[in-house]
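Please read this short briefing alongside the sequence and the 3D structure. The points are grouped by topic.

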Amino acid sequence: MFLRVAIPIPSDRTFLYAVPEALAGDIAIGKRVLVPLGKKLRTGYILEKTAEASGIDIKDIIEILDREPLLHEEDIQFYRWVADYYFYPLGKMLGEVLPAGGERKSERWVMLAPGGDRCEMTGREGTLSPLQRKIVELLVRYPRGVSVNKLCSALGRQELRAELRILRDRNILRSEDRLPGPQLAPRRERFVNLRDCWPAEVKTTEKQLSLIRFIEQYGEVPMSTLRKTFGDCSALVKGLLKKGIITLSEREVHRRPGPAPELGAPGGSFVLNDAQRSALRKILKDVAAQRFSPVVLHGVTGSGKTEVYLRVIGETLRRGGGVIVLVPEIALTPQLLHRFQERFGDREIAVLHSGIAKAVRYDQWRRIAGGDVRIVLGARSALFAPVRDLKLIVVDEEHDSSYKQEDHMRYHARDLALVKAKLAGAVVVLGSATPGIQTCFNVRHRRYRYLTMKERVERRPMPSVEIVDMRGEKGQGGQGPAPVLSRALGEAIGQTLTAGNQTLLFLNRRGFHTFMHCADCGHVFKCLNCDLTLTYHRDVGSLKCHYCDFTVLTPGSCPRCRSRHIAGYGLGTERLEAEVKMLFPEARIARMDSDAMTAAGAQERILRALDRREIDILVGTQMITKGHDFPGITLVGVISADMALNMPDFRAAERAFQILTQVSGRGGRGDLPGRVFIQTFNPEHYAIRCAQAQDYGKFYDQELPLRQALNYPPFSRIVKLILSGLHREDGQASVERLGKIARDAAAGLGGLAVEVVGPAEAPLSRIKGRYRWQLLIKGRDSRVLHDLVREILARTAGEPIDIKIDVDPVNFM
Ligand SMILES: [Zn+2]
Ligand SMILES: [Zn+2]
């Protein structure tokens with residue numbers, strides 16, 4: 001028997017291995033194996049079994065790393081599709097998508113050669129570079145050696161590997177490959193049980209008796225619990241075992257995210273309104289039909305979409321199907337999880353997102369693959385979970401940009417949800433108050449079923465939205481820049497405070513000032529690694545780069561002219577908070593953004609305080625726009641609608657419309673009607689006007705012709721090539737060669753099939769020390785685009801630039 005194996009390396013190849021007799025019985029597709037690759041040992045994933053193999057020198061696999069498969073054959077079909085579509089090596093993708101834990105690979109270690117430590121005494125010392133001497137000193141302290149990876153992170157030098165080679169050539173050190181054990185293993189636990197009956201004449205001690213009583217009370221008890229209660233009780237247990245009173249058994253236990261919730265009686269007494277009931281009925285029809293059907297659930301904010309999801313999920317489970325529910329990362333709150341657990345029970349649900357501990361993720365993944373868990377709730381990566389008999393995928397807030405991954409494999413989880421559902425023959429529900437233009441386009445072309453819920457639950461009114469024209473606002477004394485809060489919004493905050501209600505102020509930029517400069521010579525403080533201004537964070541007294549985290553203490557003087565007149569400009573949430581505090585000193589004010597929310601549970605605490613009305617005004621970024629329901633919030637202020645509008649991106653209007661509609665929807669969730677103020681310098685812009693009217697259809701009708709005129713999606717597809725290099729000139733030359741190849745290749749296709757835009761310097765022209773360019777390839781036919789990209793890649797192999805591919809890009813910075 002032979003196996004086709006994918007290995008997490010940057011190569012599109014998969015590899016063939018033979019199976020030794022002794023391991024043949026345990027082979028299954030989806031298990032991981034330890035295999036030799038070159039001189040190293042690596043973890044690979046079994047994709048296929050084959051009886052024949054041509055080729056010479058096929059090596060044996062060394063070990064099988066899993067008891068049960070981590071994925072199924074259907075999953076592999078899906079992963080292959082994804083790898084192909086996004087130009088990403090299958091093995092590398094599996095390495096990123098599958099949970100860490102259990103995999104193994106050999107590592108290079110270095111240690112001093114015999115006599116190597118004496119190089120200093122033998123007079124050879126003078127010939128050592130300072131870095132070489134550091135390495136030798138370190139190795140003297142670790143006679144058994146240090147892994148090269150550890151050494152690199154300890155000494156943090158790029159040229160380290162070259163130095164190691166020199167030291168090895170001079171016989172000062174030697175190296176070898178070692179195979180560390182797996183990082184994580186399944187956790188096993190021993191359980192103590194009472195035998196049904198034991199001989200009455202057996203005598204027990206006082207201590208033994210209390211242990212027996214304990215087990216009688218609780219039934220099967222894990223050893224760890226006994227130890228907690230009785231201290232070290234292994235002798236005690238041994239004694240009882242000998243007397244035949246108890247039995248010991250061992251089995252795997254699953255690590256879980258946090259303690260089990262305390263659940264009340266399952267909710268579900270909600271009465272659906274007509275719109276909900278009608279939507280539910282139609283989706284259930286699709287569920288019953290058991291085939292691929294895409295459904296868009298377009299419900300205004302507060303229309304009760306989650307309740308519809310929960311009922312559809314319940315019905316899918318009843319029919320024996322598995323379910324994946326995707327929500328934007330920041331909407332994955334304990335409240336939401338609790339709502340699911342209450343409805344379906346804790347044991348039915350696995351949660352997958354980036355904040356989950358490795359060991360827990362590993363265990364949950366195996367429970368999903370084994371079919372023990374039928375609902376997976378998570379952020380975008382949960383889509384890759386190997387759910388058995390998948391019959392339903394829900395993508396909540398389908399328009400949300402967090403479904404797009406912007407590094408490693410640049411995929412879009414909403415798009416992939418459709419692919420996966422199609423392969424599995426499942427229903428996919430895309431829910432949103434502001435469906436993406438792409439989604440709506442598919443609805444209009446009758447590719448998706450469209451269901452709408454136009455009313456809020458319990459007939460709560462939609463908030464009234466006012467647009468505040470900031471061009472008419474005057475600064476202090478009628479001069480200077482416009483104030484942070486317009487008069488209208490300021491007054492509304494005052495009234496809301498007086499009425500004892502709550503206010504939400506939204507500003508999508510962190511920090512205090514967005515840039516700082518020297519008032520005398522104009523020097524602007526920029527990041528050393530990126531071509532970007534540094535943001536002033538007053539909380540921590542430093543300037544930070546929001547792209548690479550480069551941080552410096554706030555300088556007291558200008559590095560160029562020594563002037564001490566350093567001034568900050570631009571508005572961030574931190575400054576907004578300070579201004580609001582000054583204007584409303586009596587109000588209780590809190591801030592929610594990623595700077596303020598670094599401590600574990602900080603977001604939880606703020607949401608709870610908001611719920612208990614211990615906060616009057618909450619200032620925040622996008623974090624405050626998602627999903628939370630607070631009846632006390634009657635006022636929402638958007639400090640600047642212009643930031644989103646002015647992005648250099650063809651989706652800027654769409655995103656502005658979505659964000660304004662979503663933020664506005666936070667108001668008036670209780671019995672009180674909500675008011676919304678949108679401050680802007682572009683009061684006539686259609687995105688703002690349509691958000692004011694909460695009129696999605698009108699926005700769509702205005703936006704679509706613009707897209708068509710410029711041949712942007714949904715009228716075309718785009719593949720973006722992100723090109724980067726460490727040197728500007730070399731990079732530029734290489735980028736130009738690549739551009740020519742791309743245009744020639746496109747011309748070869750004849751006429752209008754494909755349009756090549758660029759290459760041009762990226763709007764963020766330098767990030768993390770690398771110069772950046774981008775090239776866009778536009779066309780109607782995805783297959784033609786893919787073939788073209790493949791040709792470009794083949795013809796530019798060896799160019800001294802890094803090429804990353806972003807299919808259906810969302811970010812054009
Ligand atoms: Zn200066
Ligand atoms: Zn930076």
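Thr301 is buried, with a relative accessible area of 4%; buried means under 20% relative accessible area, exposed over 50%, and partly exposed in between, using a 1.4 Å probe and protein chains only. This is a predicted model, in which local features need pLDDT of at least 70, side-chain atom pairs count only at pLDDT 80 or more, and totals for chains, interfaces and linings use all residues. Residues are numbered from 1 along each chain as its sequence is written, chains are lettered from A and ligands numbered from 1 in the order in which they are written, and side-chain values use heavy atoms, with hydrogens and water left out.

**Surroundings of Thr301**

- Thr301 sits in the loop between strand E12 (293–299) and helix H10 (305–318). Helices (H or I, at least four residues) and strands (E, at least two) are DSSP runs, numbered from the N terminus.
- Leaving aside residues up to four places away in sequence, Thr301 touches Ala433, Arg456, Met462, Thr661, Gln662, Gly665, Arg669 and Gln694. Contact means heavy atoms within 4.5 Å.

- Cys518 is buried, at 1% relative accessible area, whereas Cys521 is partly exposed, at 27%.

**Backbone geometry**

- Most residues other than glycine have a negative phi, and most peptide bonds are trans.
- His408 is not a glycine, yet has a positive phi of about 45°. His408 lies in the loop between strand E16 (390–395) and helix H13 (413–424), and is partly exposed at 47% relative accessibility.
- Asn711, also not a glycine, has a positive phi of about 55°. Asn711 is partly exposed at 27% relative accessibility and is found in the loop between H21 and E30.
- The peptide bond from Pro713 to Pro714 is cis, with omega near 5°. Pro714 is placed in the loop between helix H21 (696–709) and strand E30 (717–725).
- From Gly758 to Pro759 the peptide bond is cis, with omega near 5°, and Pro759 lies in strand E31 (residues 754–767).
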